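Q: I have a structure open and want to learn how to read its features. Can you take me through it step by step?

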Amino acid sequence: MNRSNGIYSIYIISKSGGLIYNYDVESNFPVTDVEKTFSYPLDIKLEFIKPRIIVGFGQRDNIRVGYSLLAINGDQISGRKYKDQDVLDEYLANEENYPVNLKFGLARLTTNEKIVMASMFHSMYAIAALQIVPQKDRFCTGIEAMETNNFRLNCYQTLTGVKFLVISDLNDSTNKDLLLRKIYELYVDYALKNPFYKLEMPIRCELFDINLAQLLEKNDKTLNEELGSGGGESSSSNIF
Amino acid sequence: MSKQANKNSIETKKINSDLFVLTYGAIVAQLVKECDNAEEINKQLDKMGYNIGLRLIEDYLSKTQMTRCHDFKDVAERIQNAFRIYLGFAPTITNWSAAQDEFSILIDYNPLTEFVELPDHLSNLRYCNLLCGVIRGALEMVQIDVQVYFLQDYLRGDQTTELRVRFMKKIEDVLPRNDD
């Protein structure tokens, strides 16, 4: 696996809370797929949670709770239908269909889920920016970083209200503030300066994709060096 | 611009101002052909400028890393700064109103009008009206509503070119406050 750096995803959220851009670094996502042949009765408890069928209880052979059912006998499934039959109530409940080959794995977020997540983050940001603890010489800025036990989220909101999000590995120690500013610059150059791009609309600009990919492809070290030495005040003084 | 991703610092591409000035001239000349009267041209220029301003502000912010303005003096200073970056000259800021909510931008030497003489039938044309739109559009994106208009225009026989900027209101943001 090519893990040149620990960036998983980039999100851009418009000032009204809509997701206008998303980029996933595919090579950085771990592969979790497990394929196994099962005999009747199924020793894993499956349940349907909104868009997909997931493992509710009963772990075995690297199939963990929370994994989704991705394929039956090699055919991809979406939702809970397979060959006109309900997967849970009919297909897997019927002994004649066994032995059956099932593929499980962690499903990635669908576009809809990403959009929901973006607007949810937008509101969370607003809550964080409330003056819950008044400070006389400073204002709250909203969420700048969020950490869980397997990823870190860094956020930068511009003065015009656009939010840039970087989701990265916990082990990745590059300076995210500078990376975010760099992405902001790319957004300015390749999305906003494109006369055919409409403000507040999803960004579908190939040049932007290419340049963002180039920026992220750089391995840890060069990215760090470049961002570390270049950014900050020196860039603004250069312009005059 | 294409090099930017590989560079440490921001590189602004310098172009010959004549090229810019002539391109602007071509736009105005085209509008003169397409529009019936000077008023209409002024309106179109303002609208074009407004749309440029909405985008230009992001460029300005990303390259200068400015923080939010808290009074109109700040705003004036930043506008002066922006003129220097984008047009290559710094105008004079004067004639503050007593309430500090209005100021003038004096442009003694305006590269945009360097080769321009207004013909008689276009005496109502505000040749540089695009600038008004740009300032209005850019400030709107940072929640400041202003009115910008020409007080004097060198092309129309005044001593100098004077843009008046008047603070209307702070746009109530649906956004959370974000400072620095």
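**Reading surface and core**

Q: Is Ile127(A) buried, partly exposed or exposed, and why?
A: Take the relative accessibility and compare it with the cut-offs: under 20% is buried, over 50% is exposed, and partly exposed lies in between. Ile127(A) has 47% relative accessibility, so it counts as partly exposed. Keep in mind that this model is predicted.

Q: Where in chain A is Ile127(A) found?
A: Ile127(A) belongs to helix α2 of chain A, residues 111-128.

Q: Which residues make the nonpolar surface patch with Ile127(A)?
A: Val116(A), Met120(A), Met124(A), Leu130(A), Ile132(A) and Val133(A) make the patch together with Ile127(A). The patch covers about 700 Å².

Q: How do I read chain A as a whole?
A: Begin with the elements. Chain A has 6 helices and 13 strands. Then take burial: 45% of its 240 residues count as buried. The accessible surface of chain A is about 12900 Å², and carbon and sulfur atoms hold 52% of that. Last, look at contacts along the sequence. Among contacts in chain A with a separation of 6 or more, 56% are between residues 24 or more positions apart.

Q: Which residues have the most contacts inside the largest nonpolar core?
A: A nonpolar core joins buried residues through side-chain atoms within 4.5 Å. The largest one here has 75 residues. Those with the most contacts inside it are Ile12(A), Tyr187(A), Ile203(A), Phe208(A), Leu212(A), Ile105(B) and Leu163(B). Helix α3 of chain A, residues 176-192, gives the most to this core, with 10 residues. There is also a second, separate core of 21 residues, which includes Ile44(A), Leu69(A), Tyr91(A) and Val100(A).

Q: What is Leu163(B) in contact with, leaving aside neighbours within four places in sequence?
A: Its partners include Phe103(B), Ile105(B), Ile107(B), Val148(B) and Phe150(B). Leu131(B), Cys132(B) and Ile135(B) are also among them.

Q: Why is α4(B) described as largely enclosed?
A: Count its buried residues. In α4(B), 11 of 13 residues are buried, so the rest of the structure largely encloses this helix. Among the buried ones are Leu131(B), Cys132(B) and Ile135(B). The cover over the buried residues of α4(B) includes α1, α2, α3, β2, β3 and β4 of chain B.

Q: How do I check the span of α4(B)?
A: Compare the end-to-end C-alpha distance with the expected one. Helix α4 of chain B, residues 129-141, reaches 19 Å from its first C-alpha to its last, close to the 18 Å expected at 1.5 Å a residue.

Q: Which residue with a positive phi follows α4(B)?
A: That residue is Gln143(B), with phi near 65°.

Conventions. Residues are numbered from 1 along each chain as its sequence is written. Chains are lettered from A and ligands numbered from 1 in the order in which they are written. This is a predicted model: local features need pLDDT of at least 70, side-chain atom pairs count only at pLDDT 80 or more; totals for chains, interfaces and linings use all residues. Side-chain values use heavy atoms; hydrogens and water are left out. Buried means under 20% relative accessible area, exposed over 50%, partly exposed in between (1.4 Å probe, protein chains only). Helices (H or I, at least four residues) and strands (E, at least two) are DSSP runs, numbered from the N terminus. Contact means heavy atoms within 4.5 Å. Patches are made of residues with over 30% relative accessible area and no salt bridge: like charges are joined within 9 Å, nonpolar side chains (Val, Leu, Ile, Met, Phe, Trp, Tyr) within 5 Å. Accessible areas come from the Shrake-Rupley method with a 1.4 Å probe; for residues, only the protein chains shown count as cover. A salt bridge is a side-chain nitrogen of Lys or Arg within 4 Å of a carboxyl oxygen of Asp or Glu. The expected span of a helix is 1.5 Å times one less than its number of residues.
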